[in-house]
Amino acid sequence: MLFKSTLAAAAALALTACASNMSAPAMMYSQASLPDAVKVPAGNKVALETVGVGQITYECRAKANMAGQFEWVFVGPDAKLLDRSGKQVGKYYGPPATWEAMDGSKFTATQLAVAPGGDGNIPLQLVKANPAMGMGAMSGVTYTQRVATKGGVAPAMACGGTNVGAKQIVQYQADYIFYKAS
């Protein structure tokens, strides 16, 4: 009887081990394929991966020091930050550009570098985080990368003297990868 119990316990352990291997954690984000300009410096590790889905507002304005010339100017983003399963974990808005977790912790940042994101896509970006406000998910964030961008570029419609001050909203999506010191 003891032998049967031991055999049953061993079988249960083997099934548990097999099940735990099947639910192994997903691989962490790798920045290996990114341009060097937007890579996060060594000494930082991925703390949170999100997908930003939302809008960017542009406004038609006169070009500075260029009489009679006009351009679409980036005004600010408004996006939901979703985890990889699609659950909202925060938001991204501005100005100033602010990343905020659902727990209320948030930070602003300084842009360090950009790299092309492909035709029709806003650039990839690396920003250095300012100290976070509030305690929570955004506390201790050192850098954020904007990668895997889709859309978000300035409108194709004309911007000129007849529509100065007009605003246009464009849809975009991008992955925002948050890092903390390791």
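Strands here are DSSP runs of E, at least two residues long, numbered from the N terminus. In this predicted model, Gly 120 sits in the loop that joins strand E5 (106-115) to strand E6 (124-129).

Gly 120 has a relative accessible area of 43%. Buried means under 20% and exposed means over 50%, so Gly 120 counts as partly exposed. Leaving aside residues up to four places away in sequence, Gly 120 makes contact with Gly 151, Gly 152 and Val 153. Lys 150 is 30 residues from Gly 120 in sequence, while the C-alpha to C-alpha distance between Gly 120 and Lys 150 is 7.4 Å.

The aromatic rings are the next topic. Rings of Phe, Tyr and Trp pair if their centres lie within 6.5 Å, and a pair whose planes are under 30 degrees apart counts as stacked. Under this rule there are six aromatic pairs. In one of them, the ring centres of Tyr 92 and Trp 99 are 4.7 Å apart and the planes meet at 15°, so Tyr 92 and Trp 99 are stacked. Both Tyr 92 and Trp 99 are buried.

Trp 99 also pairs with Phe 107: their ring centres lie 5.2 Å apart with the planes at 15°, and therefore this pair is stacked as well. Phe 107 is buried, as is Trp 99. Ring pairs join Tyr 92, Trp 99 and Phe 107 with Tyr 176 and Phe 178 in a cluster.

Terms used. Residues are numbered from 1 along each chain as its sequence is written. This is a predicted model: local features need pLDDT of at least 70, side-chain atom pairs count only at pLDDT 80 or more; totals for chains, interfaces and linings use all residues. Side-chain values use heavy atoms; hydrogens and water are left out. Rings of Phe, Tyr and Trp (its six-membered ring) pair if their centres lie within 6.5 Å; planes under 30 degrees apart count as stacked, over 60 as edge-to-face and the rest as tilted. Buried means under 20% relative accessible area, exposed over 50%, partly exposed in between (1.4 Å probe, protein chains only). Helices (H or I, at least four residues) and strands (E, at least two) are DSSP runs, numbered from the N terminus. Contact means heavy atoms within 4.5 Å.
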